[in-house]
Amino acid sequence: MSLRIGRFGGIPITVQPSVIVVTTIAAVALYLRLPSLEPRITTTGRLVVAGFTCLAFVASILLHEVGHALVARRHRVGVAEISLWLFGGVAKLTSQAPTPRAEFQIAIAGPATNLVLGAGFGLAGVAATAIDAAGSRLTASTMLSLCLVNIALGLTNLVPAAPLDGGRVLTAVLWRRLGQPEPARLFSARIGLVVGIVGTAVAAALLVRSGLSTWLLATLATTAVVAWAARSEIAGATVRHRLSTTTTEALMVRRPASVSAAWSVEELLRWAGDEQLHVACPVTRWNNQPVGIIVPAAGLDVDVPARSWTKVADLMVPNERIVRAWSNEPVERVLDRVEDQRVAAVVVHDPADGRWVGTLTDAQTTPLFQPSGIWGSLGAAHYARR
């Protein structure tokens, strides 16, 4: 469950309750420790310093994601929301970067924001150090701590392993060289998987050897999240590559038999059996004039008693609403055009003469979404051509 705390430039900002809990615990811990750092500090001063420090840290993470979001929008990549969670934050983009340049600039924006913030806090700390006063010394210490935290955030995120920002930077470089985005993303994600697994194993071993440690527990959790996210990146890159390199011709059912618009749903299902149940079939009138398309599986949604009198014409997608595609089009582009229908179906045409040559449904595209193992693969998906 996430709590919406506001908007930035029209982008919703949400925060998970875990962030509030951890921030509160950190603020209380700092509040209790402050007297040992500055014995003369007042209760009000402790509240201000502890609250400001923890909120500034959270704000640094938020601004990191805002940096990503603003640059993404400049490249016309939508941003669904900015979300803060226990292990940081994420700017949820609605699509992938369109070019290597956009990928690089979106990725580098977050770490660059932290490095700029680090420089600003550092200058503020140096300025406070020059003032000979107890309060200024505490202010300087706080500012320098925030400086180091932001620099650490910026540099850590530049590690060249997806899903870290450095992995996106590496993706942009490889994409520009290879000419294809998904092989580059897969390579970066594989590095992230290795980094995450090795880091988790090392942190776990140190915990066993040295005993419980807050720092080691945080490292273990962080590296485990990196490994998990990298695995998701691998799966996504594999599927996107399949979708972008597989044409509709490779998956379509070639010229399936037509059915009559006058048939009842009962007749349709009996004719289709298991073999044709998920194949999009042309629907014709008595004079063999095509009037639409239907996937027999749609008839399963009709109540059994009504199947005897419900006609195919009542369920079909009429000609004017049919999604059409060329046989040499990548499946990815075709799926982007498919509307939310009860059963999505596409009529495929030959670009040479415009004749229809086959049909495509989600049943035929399913193999493209099959898992490819933990390491991923850019090989062709296994499917049967008909």
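1. Pro305 sits in the loop between β8 and α10. Helices here are DSSP runs of H or I with at least four residues, strands are E runs of at least two, and both are numbered from the N terminus. Pro305 is exposed, with a relative accessible area of 66%. The cut-offs are under 20% for buried, over 50% for exposed, and partly exposed in between, with a 1.4 Å probe and protein chains only. Pro305 and Glu266 are 39 residues apart in sequence, yet their C-alpha atoms are 9.5 Å apart in space.

2. A word on the basis. The model is predicted: local features need pLDDT of at least 70, side-chain atom pairs count only at pLDDT 80 or more, and totals for chains, interfaces and linings use all residues. Residues are numbered from 1 along each chain as its sequence is written, and side-chain values use heavy atoms, with hydrogens and water left out.

3. The largest nonpolar core has 25 residues. Such a core is a set of buried Ala, Val, Leu, Ile, Met, Phe, Trp, Tyr and Cys residues joined through side-chain atoms within 4.5 Å. Val259, Val283, Ile293, Ile294 and Val312 have the most contacts inside this largest core. Two or more residues come from each of α9 (265-272), β7 (281-284), β8 (290-294), α10 (312-315) and β11 (345-349).

4. What does Ile294 touch, leaving aside its neighbours within four places in sequence? The contacts (heavy atoms within 4.5 Å) are Val259, Leu268, Val279, Ala280, Cys281, Val283, Val312, Leu315 and Met316. A second, separate core has 20 residues, including Val66, Ala69, Leu84 and Ile106.

5. Now the charges. The whole structure holds 10 salt bridges. Each is a side-chain nitrogen of Lys or Arg within 4 Å of a carboxyl oxygen of Asp or Glu. Glu103 pairs with Arg185, with the closest N and O atoms 3.1 Å apart. Glu103 lies in helix α3 (residues 100-129) and Arg185 in helix α6, so this bridge ties together parts 82 residues apart in sequence. Glu103 is buried at 7% relative accessible area, and Arg185 is buried at 4%.

6. Arg185 also bridges to Glu182, with the closest N and O atoms 2.8 Å apart. Both lie in helix α6, 3 residues apart, or about one turn of the helix. Glu182 is buried too. A salt-bridge network links Glu103, Glu182, Arg185 and Arg240.

7. On the surface, Val194, Ile197, Val198, Val202, Leu206, Ile374 and Trp375 form a nonpolar patch, with about 610 Å² of accessible area together. Patch residues have over 30% relative accessible area and no salt bridge; like charges are joined within 9 Å, and nonpolar side chains (Val, Leu, Ile, Met, Phe, Trp, Tyr) within 5 Å. Areas come from the Shrake-Rupley method with a 1.4 Å probe, and for residues only the protein chains shown count as cover. Val202 belongs to helix α6 (residues 181-210) and is partly exposed at 44%.

8. Last, an open sheet of 4 strands runs in the order β5-β12-β11-β10, with mixed pairing. Pairing requires at least two DSSP bridges between strands. The edge strands, β5 (253-254) and β10 (323-326), each pair on one side only. β5 and β12 (residues 356-361) run antiparallel, joined by 2 bridges. Arg254 stands opposite Gly358 in β12.
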